[in-house]
Amino acid sequence: MLQRIQTVYLLLSIITSAGLIFVFSLWENSAGEPVYAQDQLIAFGMFIASAAISLVSIFMFKNRKLQFVLGRLNIILNLFLLGVFVYWSLTLPGEMDISEKGIGMFLPIVSIVFLVLANKAIKKDEDLVKSVDRLR
């Protein structure tokens, strides 16, 4: 069951949450230096937690309901992370801390898209199994 399309989507979510945070900066500070996710402990922890939930979800292929619930939990975590980024960018005084927003602030959106696609594929598999059970 690891060859399913939801595994690909979950792997892309892991790459987005755990890999791309080291490539793309979250923002630039007033000195023009890029700030990455590992510099902000809260953001780094949430990104790693999201990647860990996706990894655990890949190996829950025998329990599709739990896999679906973990996907939804991961979506909520990424929405919360996105809210933290919006809060930081709106409440911190203008040019003092966050001078220019980086593409790293939008990585949770990419991860959410992959998680939604994975959940749709999991739901489709669950519906297929239920329809086959009805025929028995």
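Reader: Which pattern of helices and strands does the protein follow along the sequence?

Author: The predicted model contains five helices and three strands. Across the principal axes, its C-alpha trace spans about 65 × 25 × 20 Å. Read along the sequence, the elements follow the pattern α-β-β-α-α-α-β-α.

Reader: What percentage of the contacts between residues at least 6 apart in sequence join residues at least 24 apart?

Author: Contact here means heavy atoms within 4.5 Å. Taking the contacts between residues at least 6 apart in sequence, one asks what part of them joins residues at least 24 apart, and that part is 71%.

Reader: What share of the residues in the protein is buried?

Author: A residue counts as buried when its relative accessible area is under 20%. The protein has 136 residues, and the buried ones make up 40%.

Reader: Are α1 and α2 roughly parallel or roughly antiparallel to each other?

Author: Helix α1 covers residues 5–19, and its axis lies 8 Å from that of α2, at an angle of about 160 degrees. An angle over 145 degrees counts as roughly antiparallel. The two helices α1 and α2 are therefore roughly antiparallel.

Reader: In which hand does α1 pass α2?

Author: The residues that meet include T7, L10, L11 and S13 in α1, and F47, S50, A51 and S54 in α2. As for the hand of this crossing, α1 passes α2 in a way that is left-handed.

Reader: How are α2 and α3 oriented to each other, roughly parallel or roughly antiparallel?

Author: The axes of α2 and α3 come within 9 Å and cross at roughly 165 degrees, in a left-handed crossing. The contact is made by residues including I42, A43, M46 and F47 of α2 and Q67, L70, L73 and N74 of α3. Since angles over 145 degrees count as roughly antiparallel, α2 and α3 are therefore roughly antiparallel.

Reader: Is S13 buried or exposed?

Author: S13 is found in helix α1. Leaving out residues up to four places away in sequence, S13 touches S54, S111, F114 and L115. Because its relative accessibility is 0%, S13 counts as buried.

Reader: How far apart are the C-alpha atoms of S54 and L115?

Author: S54 has its place in helix α2, and with a relative accessible area of 1% it is buried. Beyond its neighbours within four places in sequence, S54 is in contact with L10, S13, I14, N74 and L115. Although S54 and L115 are 61 residues apart along the chain, their C-alpha atoms are separated by 8.4 Å.

Reader: What distance separates the C-alpha atoms of W27 and Q6?

Author: W27 lies in strand β1, residues 27–28. At 3% relative accessibility, W27 counts as buried. W27 and Q6 are 21 residues apart along the chain, and the separation of their C-alpha atoms is 31 Å.

Reader: Why does D125 count as buried?

Author: D125 is found in helix α5, residues 107–135. Its contacts, leaving aside neighbours within four places in sequence, are with R4, Q6 and R64. The cut-off for buried is under 20% relative accessible area, and D125 counts as buried because its relative accessibility is 11%.

Terms used. Residues numbered from 1 in each chain as written. Predicted model: local features only at pLDDT ≥ 70, side-chain atom pairs only at ≥ 80, totals over all residues. Heavy atoms only, no water. Helix = DSSP H or I, 4+ residues; strand = E, 2+ residues; numbered from the N terminus. Buried < 20%, exposed > 50% of the residue type's maximum accessible area, 1.4 Å probe, protein only. Axes fitted to C-alpha atoms, helices over the stretch in contact; angles between N-to-C directions. Parallel < 35°, antiparallel > 145°, perpendicular 65-115°, else oblique. Left-handed = near helix turned anticlockwise from the far one by under 90°.
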